[in-house]
Amino acid sequence: MNRFVYFATYLSAVRLWFAESTCPSVDRALMSDFSDAKETQQAGLRIPSVEAEDHLRLLIENLRDYAIFTMDTQGRVASWNPGAERIEGYREDEIIGKHFSVFYTQEDLRARKPWTDLESVIREGQLETEGWRARKDGSRFWANVVITALRDAHGTLGGFGSVVRDFSDRRRAEEALRLSEEQFRLLVEGVQDYAIFLLDPEGRISSWNQGAQQIKGYKAAEIVGKHFSIFYPEEDLRRGKPAWELEVAKRVGRFEDYGWRLRKDGARFWANVIITALRDPQGDLYGFAKVTRDITDRREAEQALRSSEERFRLLVQGVRDYAIYMLDQQGHVSSWNEGAEHIKGYKAGEIIGKDFSIFYPEEDRRAGKPQKELEAAKQEGHFEDEGWRVRQDGSRFWASVVITALKDDSGALYGFSKVTRDITEKRQAQEALEKSHAALQREVTEKTEAQRKVEASERSLRELSGRLLRMQDEERGRLGRELHDTIGQYLSALKMGLEVLSSGDSGKSAATHLAECIDMADECIREVRTISYLLYPPMLEEMGLQMAIEWHVDGFTRRSGIQVDCEVQPEIGRLPRDIEVAVFRVFQESLTNIHRHSGSPTAHVRLWLEDGNVVLEVKDEGKGAPVGALEFTSDALGTLGVGLRGMNERARQLGGRLELSSSEKGMTVRAIIPTGGTGSAQRLT
């Protein structure tokens with residue numbers, strides 16, 4: 001490569017370096033070494049003296065922040081400076097002669113970018129680009145690359161010069177700045193409680209966030225470009241307040257104000273406004289940032305607080321039943337209300353400034369009680385006491401006293417509040433009450449004993465009721481067995497005898513008569529069986545609760561015409577006799593009530609085990625029970641009839657309960673009775 005090409009490459013790199021550096025005077029002086037060079041015809045460059053060229057080469061070789069190298073016309077590396085070794089990672093002996101595409105990433109190689117870059121340089125003379133480049137160790141860096149076509153005086157291409165700078169840090173900084181700006185933009189746009197927007201130097205709106213739309217009522221398309229004075233009331237516009245605010249912000253850098261502002265619909269709101277002047281690094285104003293907050297609620301709260309404080313002051317001053325006054329840190333009276341004058345006897349002019357110990361009896365003052373009370377209030381924040389106090393005329397009264405320590409926001413004590421109430425009459429009443437306490441205690445003891453006896457009597461009555469119910473069940477069982485075993489068998493025999501007679505030649509009228517007898521005997525048998533079942537169903541004892549319920553449902557449906565949906569958990573099995581009888585009686589009575597009172601065309605029966613209990617539920621779709629009819633009392637079910645009372649008593653005798661509910665859609669009876677661990681724990685679904 002001739003001397004001209006070599007010089008042109010390095011001179012391009014130096015010019016680039018000087019354009020971006022502070023270029024100390026000694027370096028600029030170096031450039032003057034080329035002042036006597038001749039201009040080339042093609043590139044406008046000067047050929048320096050050998051001495052100047054040596055100086056230039058020395059400078060280039062010491063530039064470690066620039067990778068400067070030359071390539072032949074095929075793109076093979078022909079020269080290599082220390083900066084190239086530092087940035088790219090290759091030593092000079094490793095890279096000379098290799099194609100410069102080794103510096104490109106795989107995706108750029110697949111796109112043939114090295115060759116298209118050279119073609120562009122040949123065509124345009126120079127190419128500047130930024131992108132990822134690969135070091136020797138495979139790591140990537142973000143590079144600024146300048147490739148220059150090197151031609152001699154006749155325009156013949158002699159090769160290429162390349163200057164590469166590692167801009168990875170700058171790219172990371174730019175990316176971080178971009179991300180930060182994007183996050184800040186999203187933050188500002190998403191803020192709902194603050195109207196944040198920008199103004200140009202004349203006060204026209206140039207940006208608009210979500211909070212501004214919510215507070216002001218304008219959408220961005222409606223307001224951007226308009227003057228911000230649109231938010232000010234007419235009286236502020238007449239005074240030129242918007243322009244004055246911008247002038248203050250421009251002069252001192254910031255302006256803050258509280259005042260009325262207008263929404264789009266004309267409604268007013270009380271706003272806190274901050275305007276900040278925005279200037280570029282040279283100090284030139286390029287706009288304003290404006291932050292507005294709607295503090296109407298806070299202003300109303302502050303006004304309400306002031307009004308409340310004033311009312312409280314007037315209240316305290318007017319209270320006559322309480323002495324309410326303030327003490328300073330040493331215990332001197334600093335305020336006095338009408339109640340204090342009424343109770344203590346002192347006028348405000350007579351007592352303010354005096355020590356509050358004047359209200360204590362002599363014995364309390366000798367014991368240091370006033371100061372001890374202040375110290376206790378100071379330590380605990382609050383002190384309460386009852387004791388004797390002294391009026392101005394020397395008379396004593398029994399007082400309830402509350403002392404509260406008053407502290408500022410920093411926790412520093414600045415005084416005490418003291419509330420005193422004359423409770424002499426209350427104390428006298430209390431003493432009288434204590435005298436009657438013994439008599440009252442005796443009366444309470446007597447009533448307690450009487451109550452105990454009543455409860456014992458109630459328990460005895462319940463036990464008696466239970467025994468009566470058991471006796472009733474036993475009697476029904478006896479009658480049921482007798483009807484079934486004697487009368488039923490007798491009628492069956494009668495039926496067979498009549499059938500024999502009806503088969504003889506007794507004539508048509510006799511046959512007809514005998515047929516009617518047979519029908520009557522059938523009806524009699526069915527009725528006897530029904531009565532015996534109602535008294536005590538044998539199937540309950542023989543087959544268990546499940547079969548008894550299903551059998552009774554069939555008979556009930558035929559007799560009443562009411563369709564009964566019966567659902568019994570298969571795992572019920574056999575339960576203790578008392579439980580099966582109680583559940584069956586509740587079930588039987590519930591269906592009877594549905595038939596007699598509800599008017600429902602259907603009934604739903606469910607029986608299952610749950611959490612150690614057997615649960616029976618009978619529902620209808622009738623008219624329900626009257627309001628108030630389902631109220632429980634201590635020993636029965638309020639105003640309900642004898643049937644439901646008996647159902648409730650059966651459940652209670654076995655440690656269970658009866659639950660009744662009613663609405664316009666019907667009534668539900670639910671009996672819940674403990675099984676004592678018998679049966680399955682699975683609930684019917």
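Colleague: How many cavities of 30 Å³ or more does the count come to?

Modeller: In this predicted model, the count comes to two cavities at that cut-off. The largest cavity holds about 60 Å³ of space.

Colleague: Which residues line the largest cavity?

Modeller: The lining consists of Phe 69, Glu 88, Phe 100, Phe 103, Tyr 104, Arg 133, Val 145, Ile 147, Ser 162 and Val 164. Two elements, β6 (140–151) and β7 (157–166), each give two or more residues to this lining. By class, the lining divides into seven nonpolar, one polar and two charged residues.

Colleague: Now the helices. What describes two packed helices?

Modeller: The angle between their axes and the distance between the axes. Here, helix α21 (residues 545–560) and helix α22 (residues 577–598) have axes that come within 11 Å and cross at roughly 15°. Angles under 35 degrees count as roughly parallel, so α21 is roughly parallel to α22.

Colleague: Is the crossing of α21 and α22 left-handed or right-handed?

Modeller: α21 passes α22 in a right-handed crossing.

Colleague: Which residues make the contact?

Modeller: From α21, they are Leu 545, Ala 548, Ile 549, His 552, Val 553, Phe 556 and Ser 560. The α22 side has Glu 580, Val 583, Phe 584, Phe 587, Gln 588, Leu 591 and His 595. Sorted by class, this contact has nine nonpolar, four polar and one charged residues.

Definitions and conventions. Residues are numbered from 1 along each chain as its sequence is written. This is a predicted model: local features need pLDDT of at least 70, side-chain atom pairs count only at pLDDT 80 or more; totals for chains, interfaces and linings use all residues. Side-chain values use heavy atoms; hydrogens and water are left out. Axes are lines fitted to C-alpha atoms, for helices over the stretch in contact, and angles run from 0 to 180 degrees between N-to-C directions. Helices (H or I, at least four residues) and strands (E, at least two) are DSSP runs, numbered from the N terminus. Angles under 35 degrees count as roughly parallel, over 145 as roughly antiparallel, 65 to 115 as roughly perpendicular and the rest as oblique. A crossing is left-handed if the near helix is turned anticlockwise from the far one by less than a right angle, and right-handed if clockwise. Contact means heavy atoms within 4.5 Å. Ala, Val, Leu, Ile, Met, Phe, Trp, Tyr, Cys and Pro count as nonpolar, Asp, Glu, Lys and Arg as charged, and the others, Gly among them, as polar. On a 1 Å grid over the protein atoms alone, a cavity is a set of points where a 1.4 Å probe fits but cannot get out, and a pocket is an open set with protein on both sides within 12 Å along at least five of seven lines; lining residues have an atom within 4 Å of a point. Grid points are joined across faces, edges and corners, and a volume is the space filled by probe spheres set on the points.
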